[in-house]
Amino acid sequence: MRSGLRLGATISFAVAAVALLSLIWLPFDPTRMDIPHRLLAPSLAHPFGTDPYGRDVLSIVMAGSRTALAVSLAAAGLGMGLGVPLGLLAAARGGIADEVATRASDVVFAFPALLIAVLIAAVSGPGLIAAAAAIGIFNIPVFTRVTRSAAAGLWQRDYILAARISGKGKLRISLEHILPNILGLLLVQGAIQLSLAVIAEAGLSYVGLGIQPPAPSWGRMLDEAQTMLDFAPWLALFPGLAILITVLGFNLLGDGLRDRLDPRLATGTRPD
Amino acid sequence: MNPLLEIDGLDIAIGGRTLVRSISLAVEPGEIVGLVGESGSGKSLTALALMHLLPAGAETRGRILLDGEALGDKTEAELCTIRGARIGMVFQEPMSALNPVMTIGDQVAESLRHNGGLSRREARIRASAVLDQVELPAGTVPRNRYPHELSGGQRQRVAIAIAIAQQPRLLVADEPTTALDVTTQAQIMALLRRLVAETGMGLLLISHDLALVAGIAQRVAVMRRGEIVDSGASRTLFATSRHPYTAALVAAATAAPRAARNVPNGEALLAASGIIHDYALPRRHLFAGARRFRAVDQVALTVHRGESVALVGESGSGKTTLLRTLLALDRVQGGTIRLDGENFSGTARQRRRIQAVFQDPYGSFDPRWRVEHLVAEPLHLLEARLDAGERRRKVEAMLERVGLAAADADRLPHEFSGGQRQRIAIARALILEPALIAFDEATSALDVSVKAQILDLLAELSVRQDLAYLFVTHDLGTVRRIADRVLVMQAGRIVEQGPTEQIFAAPSHPYTAALIAAAPDLWTVLAGLDGSRA
């Protein structure tokens, strides 16, 4: 379905655009309190309403997109940056290297990811970097596995044999032949891991182990809105929607890319 | 009386492109009709149209009559009772045609229960009888086996059993033996012939192999680019072949054996001795000793300069494993390999002397690289880096030498046909001017006329430069055409070797004799037909 890819790409792009915009312009300063205007319902002046300290919810949500993107990009980047080379190595060397990389991945997988992330954040102290690292560690085995299995399949191909007969070493073949041919797959996995990281960051912040005030975070906004749901539902509604839309966008992007890049669906012309 | 199957003016179009044009064909009861053509000629589409199994979006015109009834008027529900019950079908790849998680007895019984209305018990008994009929006795092949526990030939017999279980009047077999070894192929063909004789069903046999079809079919139709270009009784069609395309196919299939050459019998280029290669098998339990399977067992082999050597064997004989060792793709586990008299260890200087061409013309190239880059890849082995212009000139010269255009260097591999891709692979193997090129089943995925062109090219190249070939293949036709010397491999050992003509004329090992007897050869087949007519 091409429309899914287009929608996913549009949403992801829009979220990124908002995050960039929030760096240079926001309707209001998200940290400036304005007690007389506290808990205003959505209006033209404050489209998302205001919070108990009179801060503009729209501005906080917009600023929160920065945090969400920064943490998820850093986490997925950490996972990809360490996981992909490890997977390439495992596939290229086989034997002990493969065994160690696979078993290590299994061990990390065996832990409930979010709980361990909570533990790491609790031990190292909450904050943006700790959250990104905690989430990123669990992305490493994901990328190791995907890379290893895709690369191991490619190593059986005749064109890899041809490259070996051309005297190329395993490192060189991994970089020249294997990596470019699995890049599509890695991008798909990357998009999926981004969406998972957005949720994970929101979850950590919700329990107070993620981003600390006054830095804005969608998860913490939900936490703070919880006690006021009866009389100020907009406080939870808008950050909730922001998480939903961002996750949906990344997921659609990932699925769309998968459909597009799946070799079984690719239509190459083979004139015979 | 109406013929069993009558196809009249059948057109098939997919996405607005007409792929099959006004096909007319008839099959009588008890008759075997061959439909011969190269890949893309539309023969498989025709078979699918019979069963109304064409992909969505396909449009057909014309009439298909089964026992005088037009299939085009039937509803899908009616067609379901015709498929299986009145038309059976056998496909090329038995592994994918069978359900891997169902026992063979259940799979045959399923088709009986579905349409035949038999109880579970009755179906099981009947299924066992059908499996007996395809020569899979319950004693040697229990009915509770799964497809992966059977050999390729046994699997194809199960697929045939499913196809004939409901005693259809017509059997359609689409390349039923292409995935099998020659000796197995001969057995499956004998089985099909016997079933037709016993049951009086009609058989439409679709194949690319002229000799195979000529040996079994009474009548043959030759398809090319969606049309039947020639048809007639097989005993006259191939011998008299009025149509230029049929004549070309026959010429390609019956190329004269290579004249014996004077090979400089001096220096050995590649000499291997005592080669051993074991594969580790999974341990039976945690503390069991490692089990090993010896794929290559004490093999010795020599290739002289400029000589063309063929290594022949069926699947599982260890020939590909041996080749991988000889190419230093796998570590040498036992024995020695000497190249130009020196120990061969796969150094860059040695690798320049040996290059290879692989089987799959679609899998031999990185799909993201352009031809220039692909052909130039072995230049990596040179000590000096070539500049871009020099590299380009070399690639263009190679492409022209293998019969492609210099401008093809800018194209991507998927833009080429299978035969053209093998030419690119040969260009890649030639670019370093090696002393030896190894071919791993390099022509077995090609159509017969394309294969003939590639073999001609190889013969020409070996005359022009002092180049030795090592062919690893199961295709005896290729061997006969190009090899000076043949080595026959069975179960990891070389069982016989000698000059090509001598091996073919007087094989001394029974396995070699069986291989040669099983390989369909058009001349032999036609000679046999003439004999039976006289």
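# Burial, pairing and contact in a predicted model

Reader: Is G79(A) buried or exposed?
Author: Within 10 Å of G79(A) there are 24 other C-beta atoms. This is a predicted model, in which local features need pLDDT of at least 70 and side-chain atom pairs count only at pLDDT 80 or more, while totals for chains, interfaces and linings use all residues. Residues are numbered from 1 along each chain as its sequence is written, and chains are lettered from A and ligands numbered from 1 in the order in which they are written. A residue is buried if 20 or more other C-beta atoms, placed from the backbone, lie within 10 Å of its own, exposed if 12 or fewer, and partly exposed in between, so G79(A) is buried.

Reader: In which helix is the place of G79(A)?
Author: Helices are DSSP runs of H or I with at least four residues and strands are runs of E with at least two, both numbered from the N terminus. G79(A) is in contact (C-beta atoms, placed from the backbone, within 7 Å) with G136(A), N139(A), I140(A), V142(A), F143(A) and Q193(A), leaving out residues up to four places away in sequence. The C-alpha atoms of G79(A) and I137(A) are separated by 6.4 Å, although these residues are 58 residues apart along the chain. The helix that holds G79(A) is α2 of chain A.

Reader: Where in chain A is the confidence highest among its helices, and where is it lowest?
Author: The pLDDT is the predictor's confidence in each residue, from 0 to 100, and chain A has a mean of 86, with 95% of its residues at 70 or more. Over residues 263-272 of chain A the pLDDT is below 50, and that stretch has ten contacts in the model beyond near neighbours in sequence. Where pLDDT is low, the predicted coordinates should not be read in detail. The highest mean, 93, belongs to α2(A), and the lowest, 78, to helix α4 (residues 113-124) of chain A.

Reader: How many helices does chain A have?
Author: The C-alpha trace of chain A spans about 75 × 50 × 30 Å along its principal axes, and 43% of its 272 residues count as buried. Among the contacts in chain A with a separation of 6 or more, 72% come from residues 24 or more positions apart. Chain A has zero strands, and its count of helices is nine.

Reader: In which sense do β16(B) and β17(B) pair?
Author: Strand β16 (residues 354-357) of chain B is covered on both faces, with I354(B) and A356(B) buried on one side and Q355(B) and V357(B) buried on the other. Q355(B) has I437(B) as its bridge partner in β17(B). Four bridges link β16(B) to strand β17 (residues 436-440) of chain B, and the sense of this pairing is parallel.

Reader: How many C-beta atoms lie within 10 Å of that of V472(B)?
Author: V472(B) has its place in strand β18 of chain B. Apart from neighbours within four places in sequence, the contacts of V472(B) include L311(B), A438(B), F439(B) and D440(B). V472(B) is buried because the number of other C-beta atoms within 10 Å is 25.

Reader: Which residues have the most contacts inside the largest nonpolar core?
Author: A nonpolar core is a set of buried Ala, Val, Leu, Ile, Met, Phe, Trp, Tyr and Cys residues joined through C-beta atoms within 7 Å. The largest such core has 225 residues, and those with the most contacts inside it are L210(B) and A438(B).

Reader: How many residues of chain A are in contact with chain B?
Author: From chain B, 24 residues take part in this contact, and α12 (348-351), β16 and α15 of chain B each supply at least two residues of the side that touches chain A. From chain A, the number of residues in contact with chain B is 19.

Conventions
Contact = placed C-beta atoms within 7 Å. Pairing = 2+ DSSP bridges.
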